[in-house]
Amino acid sequence: MPPITVLLVDDEPLVRAGLRAVLEAQPDLEVAGEAADGAAVIPLVRQLRPDVVAMDVRMPLLDGIEATRAVLRTVPDPPKILVVTTFENDEYVYEALRAGADGFLLKRARPAEIVHAVRLVAEGESLLFPASVRQLAAEYGDGGGNPAARAALERAQLTEREAQVLRLMTRGLSNAEIAGRLVIGTETVKSHVSAVLAKLGARDRTQAVIAAYESGFVSPG
């Protein structure tokens, strides 16, 4: 099985060097390249086709939020985006998740946490740090008062089973865990998750969970 390839984007060389050392110590992870600013991300993503972009949320020319939007808007079959941040409870992080990032990682994270985060985001079958996402939504989200999110949820017309699956997704359960909770097969869960994403117009689980919070479907409190 080919390794998970990662593009490192951070304006601090020491941060990039630290992440490279941690990731390349794993046989299933490979650093495909580096960039010092979000402005360089699109050409590198097109050239290197990484599986994951680990991107600093704050950079001088183009920050991680705008770089995330640009990648998702212009790159076909875009990579997963893992925002790297100094502060966990940061409005910038929530805006990056809103923009389409798949998760976030603290710069002070231990090596095992960094490796886990990259693998989890690449696999896309569980939500990274669900409690932290819930906290961010509670502090910086619209508290269920986002009209566009509410309208999108109404248009989605989720079935009862799909609604159950979405609620469990917000709690960070993996496909296997959801299957166990609902006593159904894992492949059935995958089908329900795909249906939820398609109906909500969400790129992945993270975006579906953000939509669930902002529409008031579930409360982050």
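Colleague: Which strand does β1 pair with over 4 bridges, and in what sense?

Modeller: β1 and strand β3 (residues 52-56) pair in the parallel sense over 4 bridges. Strands (E, at least two residues) and helices (H or I, at least four) are DSSP runs numbered from the N terminus, and two strands pair if DSSP finds at least two bridges between them. Within this pairing, L8 stands opposite A54 in β3. Before we go on: this is a predicted model, in which local features need pLDDT of at least 70 and side-chain atom pairs count only at pLDDT 80 or more, while totals for chains, interfaces and linings use all residues. Residues are numbered from 1 along each chain as its sequence is written, and side-chain values use heavy atoms, with hydrogens and water left out.

Colleague: How many bridges join β1 to β2?

Modeller: There are 6, and β1 and β2 (residues 29-35) run parallel. V6 faces V31 of β2 there. Together with helix α1 (residues 13-24), the strands β1 and β2 make a right-handed β-α-β unit; right-handed means that, with the strands pointing away from the viewer, the path from the first strand over the helix to the second runs clockwise.

Colleague: Is β1 enclosed or open?

Modeller: Buried means under 20% relative accessible area (1.4 Å probe, protein chains only). In β1 (residues 4-9), 6 of the 6 residues are buried, so the strand is largely enclosed by the rest of the structure. I4, V6 and L8 cover one side, and T5, L7 and V9 the other.

Colleague: Which residues have the most contacts inside the largest nonpolar core?

Modeller: A nonpolar core is a set of buried Ala, Val, Leu, Ile, Met, Phe, Trp, Tyr and Cys residues joined through side-chain atoms within 4.5 Å. The largest has 54 residues, and V9, M55, L166, M169, I178 and L200 have the most contacts inside it. A second, separate core of 22 residues includes L8, V15, I114 and L120.

Colleague: And where is empty space left?

Modeller: Rolling a probe the size of a water molecule over the atoms shows that. On a 1 Å grid over the protein atoms alone, a cavity is a set of points where a 1.4 Å probe fits but cannot get out; lining residues have an atom within 4 Å of a point. Here there is 1 cavity of 30 Å³ or more, and about 90 Å³ of space lies in the largest cavity, a volume being the space filled by probe spheres set on the points. Its lining includes L120, D204 and R205.

How values were computed:
Buried < 20%, exposed > 50% of the residue type's maximum accessible area, 1.4 Å probe, protein only. 1 Å grid on protein atoms, 1.4 Å probe; cavity = no way out; pocket = protein on both sides within 12 Å on 5 of 7 lines; lining within 4 Å.
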